[in-house]
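Student: I'd like to learn how to read charges and exposure off a model. Can you walk me through it?

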Amino acid sequence: MNHFKKYKLAKLVLVLASLYFYAYFEIKYLIIIIVSILFNYGLNRIFRKVNHPKVRILFLLLGIAFNIGMIFYFKYYDFVIGAINSIASTNFNLINVMLPLGISFFTFQQLAYVIDSYKKQVKDYTLLDYSLFVTFFPQLIAGPITLYSEMIPQFEEEKNRRFSIENFSKGFMAFSFGLAKKVIIADTFGIAANFVFNNPTDTNSINLIIGVLAYTFQIYFDFSGYCDMALGLGYMFNIKIPINFNSPYKACSVVEFWKRWHITLTRFFTTYIYIPLGGNRKGKIRTYINIFIVFLASGIWHGANYTFILWGIMHGIASITDRIFKKRIEKTNSVFNWLRTFLFLNISWTIFRADSISNALRILKNILQFNFAPLSPEITNAFILPEFKAITTLLHLDYWVESSYKNIYLILFFAFAFFAILCMKNTSERVETFKPNTKIAIVSSILFVWSVISLTGVSTFLYFNF
C-alpha cells in the first residue's frame, strides 16, 4: 500500500494486524487495549484544549489513576486481597483473572504519553498514529517501553515507506539470532531450572547450584532473545526500535547492570519517578531514598509476589551500596567486582524465580550445606537435545557418549553461555555494523530453521508474565 502511496491505509492495516496479533492470545482482552488507547488519546486532546491549571492537574491525576488502576486490577488485586485475608482473617473473594499480555508495557508507554501531554511536550498526532505507536506488534507484549517521540516520526519518514533489502537482512539476522537464543538456549536451561525450583527441598548442592545458574542464563537468553526478535522485526519494517539489552552480565556493579538490563524500563523509572522525586538534587540521603523507591517500584512492577518485592529491595540496597563505595570499587580489581556482582545477581534471581521467599531461602541454605552428590538425570538429560542424539547416533558415538561422557552436553551449554555473555558482541552491536553477505545469510537461515524445528512444545517468553 505504501507503494501506491496509500500511507494512511498502510498504517491502518498495520494497526489492525497488530491488534489481531494481540487478540490471538485472548480475544476478550482486545477491548482492554482499545479502551486504553481511546482513553489516553482522549486525555491528550483535553490537554491540548484546556489551559486551566487545576483542571489540567485533575485530568492528569485521572490519567494516572486509570493507567495504574488498570495494572493494579489485573496484576495485584488478588495479591492485595489475599494479603488482607491473611492478616485480618477476612474472606474477600478473589477474581482469579488472567493477566492480559503486555499490560505493564503498553500501559507504561501510554502513561508516559499522558504525563508528557500534560507538560505540553507532545506534538499533535492523529489517533491512527497514536494507535500504531501503542500497538506496533514487535514491541507490544514484552517491550521495549518506547516513547512516542522516537517511534511516531519513524512511521512518517518517506524512506521508511520503501522496502529495504539491507534493513530486511539486518532484521532477519537479528530475529534468527534472537529466536535461537530463546528456543535452543533459554528453553534448555529452563528445563534444568524448573526441576530445581520445583523441588526446593532438594539437598544436593550440585543440583541446586546448576539449577540457580541455569535460571540466571535462562532469563538472560530469554530476554535477550526477545529483544533481538523485536529489534529484528522492527528493522524488517524499517523501524529502529530502542536498544533494551546490552550484555548486562558483563557488569562489574549493580549500578552498571541496570544501565545494561531492560534499559527502557530504567529510563521510564528515572524519568517519571526518580527525577520528579528530586533525583540527586537534594542531597545524598534524599538521593538514596529516591533510588530505593525506584527499585521498590521496579520489584512491584515485575509481579504480585513478595519475592519480587524483596528482589527490588535487594537491588535498591545494592545500588545504594555501590554508590556509597564507588571510589573504593573503582580501585578494586575488575575481576573481583565482576565476581561479586555475578554472585549477587544469582542470589537475587533465586529470590526472583522462587515461588515464595521461604523456598528461595531453602534453596540457598541447602547450597551452603555443601552436600555434593551426582547430578540428577533430570538435569543432565535436559541438555541432551534430540539434534545432538541424532548426530551421535549417525556417527555411532551414542553409546560411548552416554556411558562415559553423559555430562558433556551440560558442560558445553554452560561453557558456551559463559563465553557468550562475556566475550560475544550484543546483537544490537552486530546490526549497527552489519553488511549482508553469504556467510551471515547461511548462519541466520540455519539458526532460523533449527529454531522452528525445535518449537515442538509450548514456549513462552518469561517477560510475558510481567
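Predicted model: local features only at pLDDT ≥ 70, side-chain atom pairs only at ≥ 80, totals over all residues.

Student: Which residue forms a salt bridge with glutamate 150?

Tutor: Arginine 267, with the closest N and O atoms 2.8 Å apart. This pair links distant parts of the chain, 117 residues apart: glutamate 150 is in helix H6 and arginine 267 in helix H10.

Student: And where do arginine 260 and glutamate 256 lie?

Tutor: Both are in helix H9, four residues apart, about one turn of the helix.

Student: Is arginine 260 buried or exposed?

Tutor: Buried means under 20% relative accessible area. Arginine 260 counts as buried because its relative accessibility is 19%, while glutamate 256, at 24%, is partly exposed.

Student: Which residues form the positive surface patch?

Tutor: Lys284, Lys327, Arg328 and Lys331. Helix H13 gives the largest share, three residues. Lysine 284 sits in helix H11 and is exposed, at 63% relative accessible area.

Student: What is phenylalanine 25 in contact with, leaving aside its neighbours within four places in sequence?

Tutor: Met98, Leu99 and Leu101. Phenylalanine 25 is in the loop between helices H1 and H2, and is partly exposed at 39%.

Technical notes: Residues numbered from 1 in each chain as written. Heavy atoms only, no water. Patch = residues over 30% accessible without salt bridge, like charges linked within 9 Å, V, L, I, M, F, W, Y side chains within 5 Å. Areas by Shrake-Rupley, 256 points an atom, 1.4 Å probe, with all protein chains shown as cover. Salt bridge = Lys/Arg side-chain N within 4 Å of Asp/Glu carboxyl O. Lys, Arg positive; Asp, Glu negative; His and termini not counted. Charge placed at Lys NZ, Arg CZ, Asp CG, Glu CD. Helix = DSSP H or I, 4+ residues; strand = E, 2+ residues; numbered from the N terminus. Buried < 20%, exposed > 50% of the residue type's maximum accessible area, 1.4 Å probe, protein only. Contact = heavy atoms within 4.5 Å.
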